[in-house]
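Me: I'm new to this one. Could you walk me through how to read its features, one at a time?

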Amino acid sequence: MALNTKQPSVDQIKTWLSGMTREAAVDFLANMAVQHAPVMEAVQERIQSDPTFTKLFVRSLDWSTTDESLAKLFSQFGEVLEAVVLKDALTGKSKGFGFVTFASAQAAQMALAARKKTLDGREITCHLAAEKNHRPSSRAYGSSAPGFSAWTSSPAGAGATADRKLFVRGLAWETTTDTLKATFEQYGPVLEAAVISDKMTGRSKGFGFVTFQTPEGARVALAQPDKYIDGRL
């Protein structure tokens, strides 16, 4: 029986790999990179330019910090492609956090390794933006205190939208789906928003859901602890 020596196509290789678990695929790629220099070079090149490894989330910024001063501070670690201080869409005031994107993963790692960073008189902290552990405070979610709005990740079982969908409670009775959506669009493109209503009366139940187009939008929304909708916090 003759062996098939024809070079497999990219689609064929993808089909083979898709049958592997994520852990198995990672182990396989890591072993291939160690054993073959071209694979290692390709992996390193990909990592150096991937926003997953080059974009940082920065918090505890002073209200006076600007895009320029943020970029200047982080430029000591390497070339900065973009530095943005997020601002309130209505007031134009800083929200106290932002993002810095480096030209390389190495520069981002140097910034992360620097234990103490001070900007405009305040000590700031940063994490990779792709990480999910930089929510600023438990005050922003999970509270059941009267009059307090809890902003939490969606319940388990949300599938592909689990990292993009937020559960919102403590809404004013008059808050509409359009108002809810408009409020959260300042954090990123919103795919869907819904205020849940009673089927019998049509009145709001005081909670709803917001689904962003990207996980980053959801993380930015969670990073802002105080949100006002129709006069309620």
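Reply: Rings of Phe, Tyr and Trp (its six-membered ring) pair if their centres lie within 6.5 Å; planes under 30 degrees apart count as stacked, over 60 as edge-to-face and the rest as tilted. Here Phe57, Phe97 and Phe99 form one aromatic cluster. Before we go on: this is a predicted model, where local features need pLDDT of at least 70 and side-chain atom pairs count only at pLDDT 80 or more, while totals for chains, interfaces and linings use all residues. Residues are numbered from 1 along each chain as its sequence is written, and side-chain values use heavy atoms, leaving out hydrogens and water.

Me: How many aromatic pairs does that rule give?

Reply: The count comes to eight aromatic pairs. One of them is Phe57 with Phe99, edge-to-face at 5.5 Å centre to centre and 65° between the planes. That pair links distant parts of the chain, with Phe57 in strand 1 (residues 55-59) and Phe99 in strand 3, 42 residues apart. Helices (H or I, at least four residues) and strands (E, at least two) are DSSP runs, numbered from the N terminus.

Me: Is Phe57 buried or exposed?

Reply: Buried means under 20% relative accessible area, exposed over 50%, and partly exposed in between (1.4 Å probe, protein chains only). Phe57 has a relative accessible area of 1%, so it is buried. Phe99 counts as buried too, at 8%.

Me: Why is the pair of Phe167 and Phe207 called tilted?

Reply: Because the planes of Phe167 and Phe207 are at 45°, with the ring centres 5.8 Å apart. Phe167 sits in strand 7 and Phe207 in strand 9, 40 residues apart. Phe207 is partly exposed, at 24% relative accessibility.

Me: What about cores?

Reply: A nonpolar core is a set of buried Ala, Val, Leu, Ile, Met, Phe, Trp, Tyr and Cys residues joined through side-chain atoms within 4.5 Å. The largest one has 22 residues, and Leu166, Leu180, Phe184, Val210 and Phe212 have the most contacts inside it. Helix 8 supplies the largest share of this core, five residues. There's also a second, separate core of 18 residues, including Phe74 and Leu119.

Me: Which residues of helix 7 are buried?

Reply: In helix 7 (residues 177-184), they are Leu180, Thr183 and Phe184. Seen down the helix axis, these buried residues fall within an arc of 90° (taken from the directions from the axis to the C-beta atoms), so they line one face of helix 7.
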